[in-house]
Amino acid sequence: MPPLGLPIYGQARAPGLSAPRWRSTAEQARAPEPAPGEFPEGAAEPPSALGRRSFVQLVGAAAGLAGLAACKPPRQKVVSFVRPPPEETPSVAAAYATAASRGGYGVGLVVTSREGRPTKVEGNPGHPASLGGSDALLQADLLELYDPSRARGFVRGRRHLGRIALLQELSALARAQEREGGARLRFLVEPTSSPTLGDLRRRILQRFPRARFVAYSPLSEAQARAGAEIAFGRPLDASWSLVDADVVLALDADLLGRDGEILRQAREHAARRTTPAALSRLYVAEGGYTITGGVADHRFRMRSAEVLPFARAVAGELARRHGLPALAPLGAPAGGWSKQAAAVADDLWRARGRSLVAVGPRQPAALHALAAALNDALGNSGRTVTYRPTALLDADDGPGPLAALVAELGEGAVDALVVTAWNPLHTAPADLDLRQAFGRARERIVLASRDGETSAAATWRIARSHPLEAWGDLRSRDGTASVAQPLIAPLLETLSEVELLAAFVDQADRGDHALVQDGWRARVGGTGFDRAWEGWLAAGLVPGSATAAEPVAPDLSRVAAAVRAVPAAAPGLEVSFASDYRVLDGRYLENAWLQEFPDPITKLTWDNAAQLSPATARKLDLEDRDEVRLAVGGRTVEAGVLVVPGHADDAVTLTLGYGQRVAGEVGKGSGFDAGALRTAAAPWFTQGLEVTRTGRKADLVATQEHFSMQGRAIALAIDAPELAGAAAELDEHRGPQPTLQAPVDYSKQDYRWGMAIDLSRCIGCGACTIACQAENNIPTVGKYQVSRSREMHWLRVDRYFEGTPEDPTSVSQPLACVHCEAAPCEYVCPVNATVHSEEGLNQMVYNRCVGTRYCSNNCPYKVRRFNFLDYHQRMTPTLEMLQNPDVTVRARGVMEKCTYCVQRIERARITDRDAGRKIGGNEVVSACQQACPAQAIAFGNLNDPASDVSRWHQDARRYDLLHELGTRPRTAYLVRLRNPNPELA
Amino acid sequence: MSALFSPRSNAVFRLVLVLLVGGAGGSVAAAMVYWRIPYGTGQAAPIVQPVQFDHRHHVRDDLIDCRYCHTTVESAPSAGIPPTELCLNCHSQVWNKSPLLDQVRASWFSGEPIRWVRVHKLPDFVYFDHSIHVSKGVGCVECHGRVDEMPAIEQVQPLTMGWCLDCHRDPYAHLRPPSEVTSMTWKPDGDPVEVGRALAEKNDVHPRTDCITCHR
């Protein structure tokens, strides 16, 4: 055996394939010394709640009730249908296509329904905005449906109204407004693309010609459309195609996490990251660390305000070096980024027609216009970037129209304000002072799915139906329409947005189904409508409804004028706002799955934080978790500091949505309200932030150092040209290991289940984590338990940094049980609670487990999770409906872990054996694999050489995790490929 | 000074020791025995259903196949409890004034389902699937007994894990051609084990004993 030049046990390593990687600055600072223990301190201690007295009480009660064990519980009842619905077979899952709204645009979904209750959300493979992928938010939206703290019923003042009474009183209100033509009636709505809502708005405006709809989104993309207005004279939406782009320059554009059609873009990006000869190259210029920045080949960290000058520098280099004099007026000297700007310009030019400049919605309109000009000059327009009229009903959903509404409210010019936008009192820019003005409207009608700040200030509180309870329709960015059908009748007394708006034209009693269907009947018509309608519902979209891309020609003089009109950034500390990967704009604050979902970059749970770079922290004399007072423009908030490696210097990033004034059991006390610093003039970033330490420490809980694998080579990444030369080094991470124990031969079995995860495709978004949670009935444990490393996620995504803390690159690695063929957990279990199946699955038998936790201690991958408490104890009836009936709900005191979605394997086995065929090599799809928008996970039968997972296991980039331990894991990893520009080496 | 403990205390102490040790062991043993005797497993417990439905009459006298009512037994994990509508397929014509069927008619007209009492109950962590057993030729009678002789359904088999495993380890005596699955009286033509082996070969019967076969 050759000497193992392996990077194990924290030895110092040379850069390259297995360069040292670390998960936090603290870990990097203490490397190479291994952490003192595998679990954080206190992880193994029993809960302190059970004192001596309660113990004695429990013992007494147990003794007193012992005799009851002899009594049998009453027999269960079996309830049959009276008239069985034709599409429902008890105990068999059904799937229905529907659509969800993301920023007003539609994303196609396929929802699994068990006995009439939706239990799992997936992307619709046929829908252009999903392609079958989903993200953490879409997965977790299901929990909102069953949330016991949802708002219910209708309240006017202090009177509870029934549905009929509500509609009658709304009708009376509408009649009263009709006299003045609705001059004192206003609607504050979210941007939406729904054709039905568009129809209703038109009908309302016909009845009330002087009423007005104001759309507001705190995550508005209005600046992007304003940029198109500058460049093309029309507010068009840009659509990016990453699959055709060899070189991508993302200017503060989180293409894989926030901006645009992230699911499609992630799929396209991943498709270009696997073949060493055909890799795309991704440049990202950004301030805060984003998902896209994490996978970038080159990440230029700069303050958000420096992105425009950088783009101008690129334009200048293109004009100067590549004969594009038309761009010269747009250019500017490069400042500190000249080398990078030149290299990017050269690269873009080399790939002209196959390159892409994308700008995120946080950047000013001028930069969007500049990008349009650059794409046009590079010949990308119509190829990698296309422009379409926006599918939204309102092109401007930014602070402008809202400011006008606030002014009207302040003048007392509004009698009745109907709010269907999510919690505008929380999301409105602080300087507009909507909170003050809101009370000036006499009738404040708020449609909300839970009690928030806005509904607390309302005079009419109307509980809102969950999208899975209501009919609706949506268009995706390319115009493709979907009819969103409900999966379940409203669980509570609620109203949908369609019904509320219909009440203003006295149509609500017809119900949302009739309203949506009649709209489409009028729009499409024809004799075959009913059949076509059924087809749309089945497919989840209306075929042929996409709009064509518009030919465009930018007006360079207007672009130049706009670019030059942008003032240079003021010096000083920049404060920058971003939507949160977990709570979005705050609407998921009460969602425990998302609260406990570690942020893809910071791994923070249950809070937001003031993110800043290590250098800025030093400059301000701050440490991780210091509490600081942030002040800008006379407004202050107090926040915890989180030092994020790779963050831009002299900038602080705050994510929105936390710190809501009115919050429920889950969201209470969670984070701080970054929106309190946000103004209408500078909704995304501004300079002049002052930071002072309060002297206290913030209680921030991040999972980034949990379940450490002690500094061994785990997540491997390599520059693509070096891959061929690294074969020998990679061979040390794969292949047979010498062993005294002859390996079990699984090759004769019909099935040898295995998984492969391509780190090149993985973007680290964490959709798999939440998909696994939804599929496998995984509980949340709360912030305090997370702080003791007791989170229950079977599948975690580890994020490793590499390089200096100032400017590191990162690798994300999803990790669940790898189903070792020689599993260390099995040797140490005293009760055979974890054993191997004949096909080589590492089975966990909950009923045998006595909770010694030896298995977890002996697991080198740290993927076993222990039920320290009875997390499912307090399940409400609605939460019981959420559980997947195919998976056991675990009780306190048992160990659990990834099962390779064995319930799906067994389902496929029985279905196929009933039909007399074998399970196909790719037939079984694990929950994580199904959710992954980047298709980074392959699962299937390793004994079928044609299966995807077999091919991935044979890949030149394949390696095994902790291979030196000889565990022979069934999950293989594929090395991440990087494609850096040699000119920037 | 008299002795602190009387001579009897030795005997008492021994008795206490025996009771403590024996009691602990005995409790465990008693529980183990309890779960194995018919009383513990619920076999042959008399069960009163809300509607006095007589399987004996419907199966033996009327010759109705099991699958006429338990419609999903071949295709789904659950065999299916017949909906009220299915009862009335016949009973809207025959016995449509019988007081025994009052509840069925009430269910039909009110829309309130009939609440039957569950007879065969597996624990929640057991995932049993009717379809695979039926398609591989395990007769209804193997687990449910001679339903054609039961005026009221009772549990005849213990439904313990050991009982499941007995058959999963050695299924041959319990196999029959899939076409005869619902027959209550089918008898193998020859040695049951030999016939079973031939059927297992023919129908690709491979019962598994991995934990995940039933527990997920």
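**Close-up views of a two-chain predicted model**

**View 1. The largest nonpolar core.** The largest nonpolar core holds 290 residues, and those with the most contacts inside it are A:L251, A:A358, A:L370, A:A373 and A:V559. Helix 11 (residues 365-377) of chain A contributes the most to this core, with 10 residues. A nonpolar core here is a set of buried Ala, Val, Leu, Ile, Met, Phe, Trp, Tyr and Cys residues joined through C-beta atoms within 7 Å. A residue is buried if 20 or more other C-beta atoms lie within 10 Å of its own, exposed if 12 or fewer, and partly exposed in between, with C-beta atoms placed from the backbone. This is a predicted model, in which local features need pLDDT of at least 70 and side-chain atom pairs count only at pLDDT 80 or more, while totals for chains, interfaces and linings use all residues. Residues are numbered from 1 along each chain as its sequence is written, and chains are lettered from A and ligands numbered from 1 in the order in which they are written.

**View 2. Surroundings of A:L251.** Leaving out residues up to four places away in sequence, A:L251 touches residues including A:A285, A:V307, A:A311, A:A358 and A:L367. Two residues are in contact if their C-beta atoms, placed from the backbone, lie within 7 Å. A second, separate core has nine residues, among them B:C66, B:V73, B:V134 and B:V138.

**View 3. An open sheet in chain A.** Three strands of chain A form an open antiparallel sheet in the order 3-4-5. Its edge strands are strand 3 (94-102) and strand 5 (117-123), each pairing on one side only. Strand 3 and strand 4 (residues 105-114) of chain A are joined by nine bridges, and A:A97 has A:V110 as its bridge partner. Strands are DSSP runs of E of at least two residues, helices are runs of H or I of at least four, and both are numbered from the N terminus. Two strands pair if DSSP finds at least two bridges between them.

**View 4. Where chain B meets chain A.** The contact takes 31 residues from chain B and 32 residues from chain A. Strand 2 (residues 77-79) of chain A pairs with strand 1 of chain B in the antiparallel sense over three bridges. Within this view, B:R115 is the bridge partner of A:V79.

**View 5. Helix 23 of chain A.** Helix 23 (residues 767-775) of chain A is mostly covered, with nine of its nine residues buried. A:N777 follows helix 23 of chain A and has a positive phi, near 55 degrees.
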